[in-house]
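Work through these exercises with the model open. Each task is followed by a solution in steps.

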Amino acid sequence: GEEGEDDEEGGADSDEGSGEEGEPGDFQLPSAEEEAAEADNAPDTAMLNTRVQEVLRVLVNFRERRAEGTSRNDYMDRLTKDLGTIHGYIPFLVDLFLQLFNPAEAIEFMQANDTQRPITIRTNTLKTRRKELAAQLISRGMNLDPIDKWSAVGLVIYDSTVPIGATPEYLAGHYMLQSASSFLPCIALAPQEQEKVLDMCASPGGKSTYLAAMMKNTGVLFSNDANPKRLKSLAANIQRMGVRNSVVTNYDGRVYPSVSASFDRVLLDAPCSGLGVISKDPSVRLQKDEGDISRCSALQKELILAAIDSVDARSKTGGYIVFSTCTITVEENEATIDYALKRRHVKLVETGLDFGVPGFARFRGKNFHPSLNLTRRFYPHVHNMDGFFVAKLKKLSNVKGPKPVPDGVKDKTKGGDVEDAVSEDEDMEEVEGEESGE
């Protein structure tokens, strides 16, 4: 990164002294023959990195530095190919990253995926305190620290002379091996004691056991997973962690409203393409394509409506739904939430997380509901945790559809928040039975 910055500065200086017209630099994209010759040999990473920096230098001041007859697309195509070769991604994914980030940040993101995230554990407050646990683990040969000011229960482990998943403390359920990012949806959901809570996609149980600890083992927690094979690890973790308020269920999340629609809160950590956790699963780089993202997005849309329909809007303490994924695509994140806002009487609220990047309210010509900036994104290269997305919804009524509004209100608000246009206590008789269209 730093070398590149020097290049850019040097480039700017050299351009200024190169005549009034701002002549282009001497960098040329490879010809078809040169490209063919490159393809025959093993990739020369040093040369590719240099070329990437040269392309970035041109893109920073495109009008002045481009070679004649070469379009911005030509440079972007070259960048996509070279970055794919250096970091081992299919072109589709590099393109996707270049849409989400500027080129320099896309490179930081890919570099962050080449290194593992720190190992983190969560103290089980049903059985111990973080301070006591830290002292015990240090005495066993672990080098650790509290995770950060945003978590009161997390520890980050730098190195250990003993296996982290086999200490007496682990086996006794004093902690859970859990990525820092997966603390976030639980903190956002913030379940209260004595509530009825659903974790819709719960295996292997890291989030469920955290929710149970937040509820202090009171109320009832439904820990559900659609895949029967994953129930074993879920039930085992629930038992090991001393959770006593949980019921393990095995339903397709999409049918959950018919099982129970009286939850105070629901956590939907939805199935996704996993593009936030590439450092854990390098095979993603060569496998995930547009089809995977579309399939995940379609399933998420069904699941989020089911999650909303499982919550009782009349809950005295709750009425909240948290949606999270470990991916970075807009199609699986903001677009899913926008879909839910159009089809159910819900609104986005603050996540309660005081860090993270606000979600996109518009992306590549698509406008989402302006409140999408209340959602939060987390990135490996910014927050040193897995790529993650968190959104928190409040259910406003148990209507199975968007709130009915009088004709013409939608135009006035220009797709904005209907809440502002129609006060809650307004007489709605004349629109009863009418469905507000999309």
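**Exercise 1. The end of a helix**

Solution. The structure is a predicted model; local features need pLDDT of at least 70, side-chain atom pairs count only at pLDDT 80 or more, and totals for chains, interfaces and linings use all residues. Residues are numbered from 1 along each chain as its sequence is written, and side-chain values use heavy atoms, with hydrogens and water left out.

Step 1. Find helix H12 at residues 231-240. Helices (H or I, at least four residues) and strands (E, at least two) are DSSP runs, numbered from the N terminus.
Step 2. Move on to Gly242, which follows H12. Its phi is positive, near 75 degrees.
Step 3. Look at the covered side chains. Leu231, Leu234, Asn237, Ile238 and Arg240 are buried. Buried means under 20% relative accessible area, exposed over 50%, and partly exposed in between (1.4 Å probe, protein chains only).
Step 4. Recall the helix geometry. An α-helix has 3.6 residues a turn, so residues three or four places apart point the same way.
Step 5. List the packing partners. The buried residues of H12 pack against helices H9 (168-171) and H11 (206-214), and against strands E4, E6 (220-224) and E7 (246-249).

**Exercise 2. An open sheet**

Give the strand order of the open sheet of 4 strands.

Solution. 
Step 1. The order is E2-E3-E1-E4, with antiparallel pairing. Two strands pair if DSSP finds at least two bridges between them.
Step 2. Strands E2 (142-146) and E4 (175-177) are the edges, each pairing on one side only.
Step 3. From one strand to the next, the twist averages 35 degrees. Axes are lines fitted to C-alpha atoms, for helices over the stretch in contact, and angles run from 0 to 180 degrees between N-to-C directions.
Step 4. Check one pairing. E1 (residues 119-123) and E4 are joined by 3 bridges. Thr123 has Tyr175 in E4 as its bridge partner.

**Exercise 3. A covered strand**

How many residues of strand E15 are buried, and which strands pair with it?

Solution. 
Step 1. Phe388, Val390, Lys392 and Lys394 point one way. Phe389, Ala391, Leu393 and Lys395 point the other way.
Step 2. Take the antiparallel partners in turn.
- E9 (residues 320-325) pairs with E15 over 6 bridges; Phe323 is partnered with Ala391.
- E10 (residues 346-349) pairs with E15 over 4 bridges; Val346 is partnered with Lys395.
- E14 (residues 376-378) is joined to E15 by 3 bridges; Phe378 stands opposite Phe388.

**Exercise 4. Cysteines**

Solution. 
Step 1. The two sulfurs are 3.4 Å apart, too far for a bond. A disulfide is a pair of cysteine sulfur atoms within 2.5 Å.
Step 2. Compare accessibility. Cys326 is partly exposed at 23% relative accessible area. Cys186 is buried at 0%.

**Exercise 5. Confidence**

Where does the pLDDT stay under 50?

Solution. 
Step 1. Start with the chain: the mean pLDDT is 87, and 86% of residues reach 70 or more. pLDDT is the predictor's confidence in each residue, from 0 to 100.
Step 2. Residues 1-24 stay under 50. Over residues 409-438 the pLDDT is also below 50.
Step 3. Where pLDDT is low, the predicted coordinates should not be read in detail.

Terms used: Contact means heavy atoms within 4.5 Å.
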